[in-house]
Amino acid sequence: MSFVPVISLSPARASQEISDEMRAACLRNGFFQITEFNHILSSELLSRTLSASKAFFDLPLDVKSALFKENHICGGYEPYKAMNLDPGDKSGYGHNEGYSVASSGYPTAWPAEQILPGFRATMEEYFTAVNRLAGVVSGYLALGLDLSPDFFGDFFHGQLAHIKLAHYYRPEHSQGDEGSVGVAPHTDWGAITILLQDSVGGLEVFDQDSLRWIKVSARPNTLVVNLGDLLARWTNDRYKSTRHRVTSPPQGIHRYSIPFFSQGHPDYVVQVINSCIRPGEVAKYNPIRAEEYFKLKFESTYSIPALIARDP
Ligand SMILES: O=C(O)CCC(=O)C(=O)O
Ligand SMILES: [Fe+2]
């Protein structure tokens, strides 16, 4: 099996076949790519969303800075090198700037409509579509675990999620390896991440069997799906949440990507799935409310103490 298999979601395929392929990928690295999901999310929307993201980052810095992300629940601007996903490594600050959009009902600092016409509408449209796609993928994941397809339904319904527009580039006049850390090695925190990326590439996964960094190809009309720590926890680590990183594009090249992070309904209590506990094993994790879990993760990661102090 490929390290990061490409799985077609074509409606012509049998659900069991799709879920079997996902299961194999989840047991290995928790990483796969999906294609042929046009019936859920159109390729036109994918390219419109990437273009809108580029237009946002082209705004002057003072306009973007005024939209500063206030705390881990809100959406807003995350300045260049604000985030270190590897808290133990001082050189782990990613060479990217970001802008996150929170679920509807949670505040996002939007640019004024006259500054970026249509931006908000495109992001909201993409958010709704990718959220729906996450629900569809979760149905296949449940089937792959021999659970009812709506097993994850209450977690995803009314969930807190966000998309993060990311813009990677090296510092001006950088040389050699300077600025090569796009995102330091990390695992994602949530249930599933769905990544939209342009054609530049740079995402790498640390394959759990060969113990090598594997490049994830950037394919048109294809999204990368990976499981986060919460799904690993939920399955008593049967399904994998794997370390990955982003290598910045060469000097002068810009890369745009948009991960969707699925965090679940804040009040949902995530408890190890009984059938994932093998004979002789015990549940490795206590039940935890999704909201509490994310607050703990956020506080250990971000480099801006003010963001945490101002938590509502
Ligand atoms: O931009 C990418 O390719 C992935 C980014 C990522 O892993 C993250 O933001 O968690
Ligand atoms: Fe990630």
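Residues are numbered from 1 along each chain as its sequence is written, while chains are lettered from A and ligands numbered from 1 in the order in which they are written. Because the model is predicted, local features need pLDDT of at least 70 and side-chain atom pairs count only at pLDDT 80 or more, while totals for chains, interfaces and linings use all residues; side-chain values use heavy atoms, with hydrogens and water left out.

- H186 is buried, at 10% relative accessible area; the term buried means under 20%, exposed means over 50%, and partly exposed lies in between (1.4 Å probe, protein chains only).
- D188 is buried with a relative accessible area of 5%, and H244 is buried with a relative accessible area of 5%.
- H244 lies in strand β11; helices (H or I, at least four residues) and strands (E, at least two) are DSSP runs, numbered from the N terminus.
- The side chain of H244 also reaches the backbone oxygen of T242, at 3.0 Å.
- This is a polar contact, meaning a pair of N or O atoms within 3.5 Å; within protein, one must be able to donate a hydrogen and the other to accept it, and residues adjacent in sequence count only if both atoms are side-chain atoms.

- Y168 has a polar side-chain atom 2.7 Å from an oxygen atom of ligand 1.
- For H186, an N or O atom in the side chain is 3.0 Å from an oxygen atom of ligand 1.
- S257 has a polar side-chain atom 2.7 Å from an oxygen atom of ligand 1.
- Ligand 1 taken alone exposes 290 Å², and the protein buries 94% of that; these areas come from the Shrake-Rupley method with a 1.4 Å probe, and for residues only the protein chains shown count as cover.

**Annotated domain**

- UniProt, in an unreviewed entry, places the feature "domain: Fe2OG dioxygenase" at residues 159–264; such annotations may be inferred rather than shown by experiment.
- The span 159–264 is 6% helix and 42% strand, and its end C-alpha atoms lie 4 Å apart.

**Cysteines**

- The structure holds zero disulfides, a disulfide being a pair of cysteine sulfur atoms within 2.5 Å.
- C26 is in no disulfide, and its nearest cysteine sulfur, that of C276, is 11 Å away.
- C26 is buried at 0% relative accessible area, and C276 is buried at 2% relative accessibility.

**Strand residue A102**

- A102 is in strand β4 (residues 96–102) and counts as buried at 6% relative accessibility.
- A102 and S65 are 37 residues apart in sequence and 17 Å apart in space, C-alpha to C-alpha.
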